[in-house]
Amino acid sequence: MQVKRFFAADMRTAMKLVRDELGADASIIGNRRVAGGVELTAALDYQVPAAPSRQPNPALEAELRKTQAKIATAQAELTTRAQVDAGKDRQLFGAVATAPVASFADVLRPARASTATTDQGALDAMRFELHGLRELIEVQLGSIAWGQLQTRRPQQANLWRRLQRMGLSAELAKALLERISTISEPRQAWRMLLAHLAHAIKTPKQEPMEDGGVIALVGPAGMGKTTTLAKLAARYVLKYGAQHIALVSLDSYRIGAQEQLKTLGRILNVPVTLVDPGQSLTQALAPLARKRVVLIDTAGLPANDPALRMQLETLASRGVNAKNYLVMASTSQSQVLKAAYHSYKRCGLSGCIITKADEATSLGEVLGLAISQRLPVAYLTDGPRIPDDLQIPRSHQLVSRAVGLQATQEPSEDTMAEMFADLYQQPTQRVS
């Protein structure tokens with residue numbers, strides 16, 4: 001028997017190392033958390049031939065699903081037990097606090113706290129073990145599901161590969177493929193799939209600046225907010241003149257940010273208002289009430305920064321009455337985009353702006369987020385020129401661009417198995 005340990009930052013990466021070195025028939029005999037990630041211990045009874053074919057195994061899949069259900073039950077029991085223990089601790093500490101013998105209370109409190117700490121440590125260790133087992137099962141189920149799909153429905157498997165090359169998520173791909181499940185001709189199925197994808201992407205019926213009002217660009221640092229604001233301002237000035245637009249900067253945190261906006265204002269002959277922390281945005285906007293359009297450049301702050309919460313609450317207030325657009329760089333990873341959305345949605349988002357399309361290797365991630373969160377795509381930027389590289393997007397054009405950027409290489413079997421594994425973590429996404 002061949003036994004080997006594998007170290008990686010997370011369970012998915014560790015599983016890939018096991019499959020790459022020992023093959024799909026390797027057994028996981030242990031997993032534990034270590035400094036910097038996880039450790040897997042894998043065993044192999046014999047050397048498997050290269051590139052083994054994957055055959056459907058309904059019995060194994062059924063057992064894996066049963067184990068997955070048991071893990072979910074165990075996790076629920078752990079949560080209930082932790083809540084019960086916490087309630088007992090509160091009751092006991094309350095009783096001790098009213099006890100007439102102070103010395104007994106002084107002895108019991110640290111002893112009980114030590115026991116609670118030990119129990120919590122055991123619960124945390126058990127949760128980690130269950131989480132690791134769940135990830136292992138999800139990867140195995142994904143591998144089985146992908147193998148069965150290739151055997152039973154090769155045409156649909158090919159469509160899965162093409163959607164993966166576009167960078168679309170597993171849940172969105174599944175929702176799209178369900179829409180064309182009755183179409184047997186491959187080319188027609190692909191055309192209809194892209195049509196459904198285009199229909200799912202929302203774009204405004206009218207350009208936001210045509211509607212006027214206060215427009216704020218929000219998002220993390222590095223997404224291109226200030227450059228996009230410059231393109232929007234220049235576009236408006238070239239079309240309507242400088243007398244009906246004003247610029248406001250809330251970014252006093254980044255070195256040179258306000259100076260950059262002041263320079264833009266001088267070039268365009270547009271007034272620029274600088275709002276420092278502690279100043280009232282409502283009062284700063286009052287003198288600009290006659291302006292048809294006011295563009296606000298915001299600070300890209302960390303999600304846990306209290307200043308971000310205050311900034312977003314201000315933008316969400318009725319006194320400001322701003323239309324807030326999330327600026328998303330198409331070069332960002334899916335997890336970064338999701339984190340940005342969840343950080344900035346509290347201000348109320350009217351839509352999104354996709355930037356850096358000229359630098360992107362894929363548009364699937366950013367389009368997937370816009371679809372899943374029902375964010376209309378208001379603008380697209382695809383270069384450094386001001387304002388030339390600012391586009392008013394149309395959904396079918398965005399899809400054509402996403403298809404043009406799809407990866408040239410076919411995804412590996414492991415990549416497709418991991419894509420299917422993601423389906424066991426999230427519910428199927430609806431495509432409207």
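I count two residues as touching when they have heavy atoms within 4.5 Å of each other. I also keep in mind that this is a predicted model.

**Entry on Y236**

I started with Y236, which I found in helix α8, residues 225–240. Leaving out residues up to four places away in sequence, I listed what Y236 touches: M209, G241, H244, I245, R292 and V293. Is Y236 buried or exposed? Its relative accessible area is 2%, and buried means under 20%, so I noted Y236 as buried. I then looked up E210, which sits 26 residues from Y236 in sequence and 8.9 Å from it in space, C-alpha to C-alpha.

**Entry on the cores**

Next I turned to the nonpolar cores. The largest one has 69 residues, and V248, L281, I296 and L326 have the most contacts inside it. Which helix gives the most to this core? I found that α6 does, with seven residues.

**Entry on α6 and α14**

Last, I checked how helix α6 (residues 186–200) packs with helix α14 (residues 395–404): the angle is about 125 degrees and the axes are 8 Å apart. The two helices are therefore oblique to each other, and α6 passes α14 in a right-handed crossing. Where they meet, I noted W190, L194, L197 and A198 from α6, and S395, H396, V399 and V403 from α14. Sorted by class, this contact has six nonpolar residues, two polar ones and no charged ones.

Key:
Residues are numbered from 1 along each chain as its sequence is written. This is a predicted model: local features need pLDDT of at least 70, side-chain atom pairs count only at pLDDT 80 or more; totals for chains, interfaces and linings use all residues. Side-chain values use heavy atoms; hydrogens and water are left out. Axes are lines fitted to C-alpha atoms, for helices over the stretch in contact, and angles run from 0 to 180 degrees between N-to-C directions. Helices (H or I, at least four residues) and strands (E, at least two) are DSSP runs, numbered from the N terminus. Angles under 35 degrees count as roughly parallel, over 145 as roughly antiparallel, 65 to 115 as roughly perpendicular and the rest as oblique. A crossing is left-handed if the near helix is turned anticlockwise from the far one by less than a right angle, and right-handed if clockwise. Ala, Val, Leu, Ile, Met, Phe, Trp, Tyr, Cys and Pro count as nonpolar, Asp, Glu, Lys and Arg as charged, and the others, Gly among them, as polar. A nonpolar core is a set of buried Ala, Val, Leu, Ile, Met, Phe, Trp, Tyr and Cys residues joined through side-chain atoms within 4.5 Å. Buried means under 20% relative accessible area, exposed over 50%, partly exposed in between (1.4 Å probe, protein chains only).
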